[in-house]
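Please keep the sequence and the model in view while going through the points.

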Amino acid sequence: MFISISGKLHLIWHCLVSMETVKCVSMTGDSEDWERVVSTSMLEVIKRGSDPLISTARGKLQTKRSKLNDEINRELRMRNGAENLFKATNNKNIKETVALELSFVNSNLQVLKEEMAELNSTMDVYQSGGGVSSVPMIPMGLKETKDVDIGLPFLDYIQEHYSEEPRDYADEVQELASIRQAIRTPQRNPYGIELLYDYYNQLYFVEKRFFPPDRSLGVYFEWYDSLTGVPSAQRTVGFEKGGILFNIGALHTQIACQQDRANKDGIKSAINNFEKAAGAFKYLHDNFSNAPSMDMQPQTLAMLVQLMLAQTQECVLEELILGGVGDGIEKHLEVAHEAAMVSQMYEEAYKQMSQKPVKDYAPFPWTSMCQVKAQHFGAMSHYYAVTGLLDQKDSNDVHLLEKLFGKLHVEENENTSMLSRVPSDEDDKKQLARAHLKDALLLHEEALKHHDRCKHLRKIDTFQEVLKHAHDRSLKKFSDLEEEDDFTEVSSSPSIKSKTAQHAKVIMPDFARYKVTDLFHKLGPVAIFSAKHEWSSPRDVSMQKSSKQGYGFSVRGDSPVIVAQVDQASLAQNAGMKIGDFIIGVNGQDTKWSKHEDVVTLIKESGNSISVKLITPRDRNYLEPHRTPCSRAGSTCSDSSFNIPSTSASPSNTLSSTKSGNKRSKKGESGKNSSSWLFKKKSPKRETDEMEKVKY
């Protein structure tokens, strides 16, 4: 692995910016040393998000969007204050002054929203820079979010609820805050996707640990609408998850748009990313309700899913014609069917964008782009039907024509049914070809007209080149068929059937692929030590016995072990030990994550004196099987709600842990979903009947 001097300096600069401790090697060191640095430190820097000091075109665009969001938020606050003052005062002069101020604020808001619309209409900056003339795609901008101060609320809750020393968890809280800061600027590559998924899965533990169902910590998550910039704030972790999932979809669209679709690998990558973007938006559509912002309303998400699938199908068509269509009428008609399918899918996306409330929300360039593409690919389907009919040697094969023409057209009315029949001679072929070319030219002209009406589309030179080339190609073909003495009126052609060999599909988010470690695993297994469970303050129990005497208690289970029996008038009972207590420490050693046999060993090795730290559960008896759900199944949340089916994939049963009790925790967690806006989840069952009872 060779790294230049400038590359080494750039690497050092990255490491300094990230504030990571990196083993420094001399500038004359071996390349293996630099490879080790790259593999350990540089990749960690990349994973933490894009460097805000590096100004790429897309980075500048996102920075400008962030500033506009802040300005819109400030103007909205000013308008709300002015409106409240206008309603509260009876002074005529004050009312006139406030009304004048409101007019200025509304004017500023209108200007800012127009700037935001202009920004959202920027598509060329996200496209591939390969220099090949290809049809541009529509990307999504990332949702912006504000900083959230979780330090003090989380540390206070650790002391209050878990009875732990807050300073012991300061690093974990800071690490969570750093990850959240990083997800605001994810890199547009797989590292950025991984970063967002890691944070999403980490939120599963955060919600379990710090968000009780009956109170609020005063932590508000604030996200801006991706297109309007209007802010929304909620206290639920589900709202935070919604913003992350939306950005996962948006980031996939940006990665797809930057692929070089002049080669097969680039096309396949674009297809995969568009399908994953559709999956993220579909997941939000199916599981997110009471959306506070327009970009996560069901109608908007349904439109985005359709748009992503249409762009996927367009990539399928590009792969089909990459390097040329090939010889044979069957191949040309296959392209015609595929182009008709793309046209149909863009037509459906255009219809969804044209219906309220999406009509007033979707950027006009998006609507124009879908309309132009529907017409462009519709014209392409007619053109390739003509090239297959006239230019291919096997088009004279009667049996082949009968086989293909039965599936080529959609019979619509009497005027077109005559042309749907298999052509019997060259004149019939030319008549059908002229009809298809006439419709192709009409669609090409409509596409160019709608393209010219949108100033944002006119800025994309490659798109105009593609449209004009396709129009000129069809016009030349039509001119070649024209004869001076032919005055036959050209009829409308039957529509080409939409058909594809590779349907665009929705790839749902794969949360299980991205394993994370619970940052707050020191608090204990999340199945027990969570915000929804209650227990007493920890108490230390010290006991001394003779060599012939026992302590008088038995334990069962693990992670943590539970006191299963306490003998009457025993040392354990006299010291205050109770049946059902959890043993969370033995002789100063934490045992929340310890296995049953490890705790047994600690007790046996303690000799004739032992100090045990205990807590008493208050919400249930863990010695008895728990058959009723402890969550508020079927209840509704005052803010957003996130209802996940019981069969949904969950990150919880695939998350890694560094403690010895991880295997027990994963088993107890299996089958539960990742978070709740409200999730329907089952309570973990303690395996008390399966563990041996050991008496001391």
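1. A polar contact is a pair of N or O atoms within 3.5 Å; within protein, one atom must be able to donate a hydrogen and the other to accept it. The model discussed here is predicted. In it, a polar atom of the N247 side chain lies 2.6 Å from the backbone nitrogen of K143.

2. N247 belongs to helix α8, which covers residues 237–257. Is N247 buried or exposed? N247 has a relative accessible area of 2%, so it counts as buried, the cut-off being under 20%. Beyond residues up to four places away in sequence, N247 touches L142, K143, L196 and W223.

3. Helix α10 (residues 298–321) and helix α12 (residues 364–390) have axes that come within 12 Å and cross at roughly 35°. The crossing of α10 past α12 is left-handed.

4. Which residues form the contact of α10 with α12? From α10 come M303, L304, L307, E314 and L317, and from α12 come W366, C370, K373, F377 and M380. Sorted by class, this contact has eight nonpolar residues, two charged ones and no polar ones.

5. F463 sits in helix α17, residues 461–481. Because its relative accessible area is 0%, F463 is buried. Leaving out neighbours within four places in sequence, F463 is in contact with V135, P136, M369, V372, K373, H451 and L457. One of these, K373, also takes part in the meeting of α12 with α10.

6. A last point concerns distance along the chain. F463 and M369 are 94 residues apart in sequence, while their C-alpha atoms are 9.9 Å apart in space.

Terms used: Residues are numbered from 1 along each chain as its sequence is written. This is a predicted model: local features need pLDDT of at least 70, side-chain atom pairs count only at pLDDT 80 or more; totals for chains, interfaces and linings use all residues. Side-chain values use heavy atoms; hydrogens and water are left out. Axes are lines fitted to C-alpha atoms, for helices over the stretch in contact, and angles run from 0 to 180 degrees between N-to-C directions. Helices (H or I, at least four residues) and strands (E, at least two) are DSSP runs, numbered from the N terminus. A crossing is left-handed if the near helix is turned anticlockwise from the far one by less than a right angle, and right-handed if clockwise. Contact means heavy atoms within 4.5 Å. Ala, Val, Leu, Ile, Met, Phe, Trp, Tyr, Cys and Pro count as nonpolar, Asp, Glu, Lys and Arg as charged, and the others, Gly among them, as polar. Buried means under 20% relative accessible area, exposed over 50%, partly exposed in between (1.4 Å probe, protein chains only).
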